[in-house]
Amino acid sequence: MYHAFTPSDGVVPIPGMKPAEETGSLLSRVSKPALHMTRETRELIERALNYAAEAQRTITEQQSRIEQLETLSMTDELTGLLNRRGFKDAITRALGNARRHEEQGLLVAIDLDGFKPINDTLGHAAGDAMLKHVADFLKARVRNTDYLARTGGDEFAILMVNGDLAPARHRAVELKAELNRATAMISNQRIPMNASFGIAPYDSDASAEQIMHMADVAMYHDKRRRSPQPTRLRSFQAAE
């Protein structure tokens with residue numbers, strides 16, 4: 001025996017064996033079982049890994065499904081535009097940016113004129129076709145950074161974000177003129193796209209409810225000023 005054992009040594013002396021041999025022998029006895037797993041242990045580990053991978057796939061699929069449902073909940077099924085809920089969410093985010101960066105913009109409310117006669121005389125399929133025509137017309141004329149929505153039955157809205165008010169207002173006025181000159185071919189008839197517009201500016205001090213209310217008031221004022229339009233309505237009825 002080469003030395004007296006004390007608790008601080010951490011080595012149990014073995015008679016007739018050198019210290020290095022003592023350590024190596026002990027390590028070999030401990031390490032071999034740890035390095036060589038049984039078949040049952042390997043199977044358990046493989047099963048656990050498979051379960052973990054399957055759980056990850058399930059979580060990923062659920063997250064994707066949640067994202068799809070969130071998108072559907074904010075999208076108008078007929079036109080593919082934002083719906084009213086999605087548009088309000090866009091306004092909230094735009095106003096947040098306006099407060100952080102002192103931005104300003106414009107909200108445009110659009111309400112189709114003479115839409116009810118289309119549904120009543122040509123049917124709801126024709127009415128849906130007109131809504132799609134208007135949606136496509138507007139989509140082709142707004143910036144990628146703007147938000148476009150169908151907010152009601154025959155109501156649309158545009159949020160022109162982060163821009164000077166004068167050019168934005170000019171764009172809205174031009175868009176109104178273009179839309180009211182346009183027509184749509186539906187059920188073998190060329191039908192005018194008549195619409196009233198309401199324009200409301202916003203800045204960092206505005207709220208979503210305020211600017212939506214202001215745009216609606218301006219739109220209904222425009223509708224009262226424009227109606228009735230007997231000439232265009234008679235031309236549509238005569239074309240039946």
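Asp111, Asp113, Lys223 and Arg226 are linked in a network of salt bridges, a salt bridge being a side-chain nitrogen of Lys or Arg within 4 Å of a carboxyl oxygen of Asp or Glu. The model is predicted, so that local features require pLDDT of at least 70 and side-chain atom pairs pLDDT 80 or more, whereas totals for chains, interfaces and linings use all residues. Residues are numbered from 1 along each chain as its sequence is written, and side-chain values use heavy atoms, with hydrogens and water left out.

Helices (H or I, at least four residues) and strands (E, at least two) are DSSP runs, numbered from the N terminus. Lys223 also meets the side chain of Asp113 in a salt bridge (2.3 Å, N to O). Asp113 is located in the loop between β1 and α4, so its pairing with Lys223 in α7 ties together parts that are 110 residues apart in sequence. Asp111 is buried, with a relative accessible area of 7%, and Asp113 is buried at 16%; buried means under 20% relative accessible area, exposed over 50%, and partly exposed in between (1.4 Å probe, protein chains only).

A search of the whole structure finds 12 salt bridges. Among them, Arg93 and Asp89 pair at 3.0 Å, N to O; both lie in helix α3 (residues 84-101), 4 residues apart, about one turn of the helix. Arg93 is partly exposed, at 41% relative accessible area, and Asp89 is partly exposed at 28%.

The largest nonpolar core has 30 residues, where a core is a set of buried Ala, Val, Leu, Ile, Met, Phe, Trp, Tyr and Cys residues joined through side-chain atoms within 4.5 Å. Its largest share, 7 residues, comes from α5. Met130, one of the residues with the most contacts inside this core, is in contact (heavy atoms within 4.5 Å) with residues beyond four places in sequence, including Leu112, Ile186 and Met193. Another core, of 19 residues, lies apart from the largest one and includes Leu95, Ala206, Ile211 and Met219.

The protein contains 8 helices and 6 strands, and buried residues make up 33% of its 240 residues.
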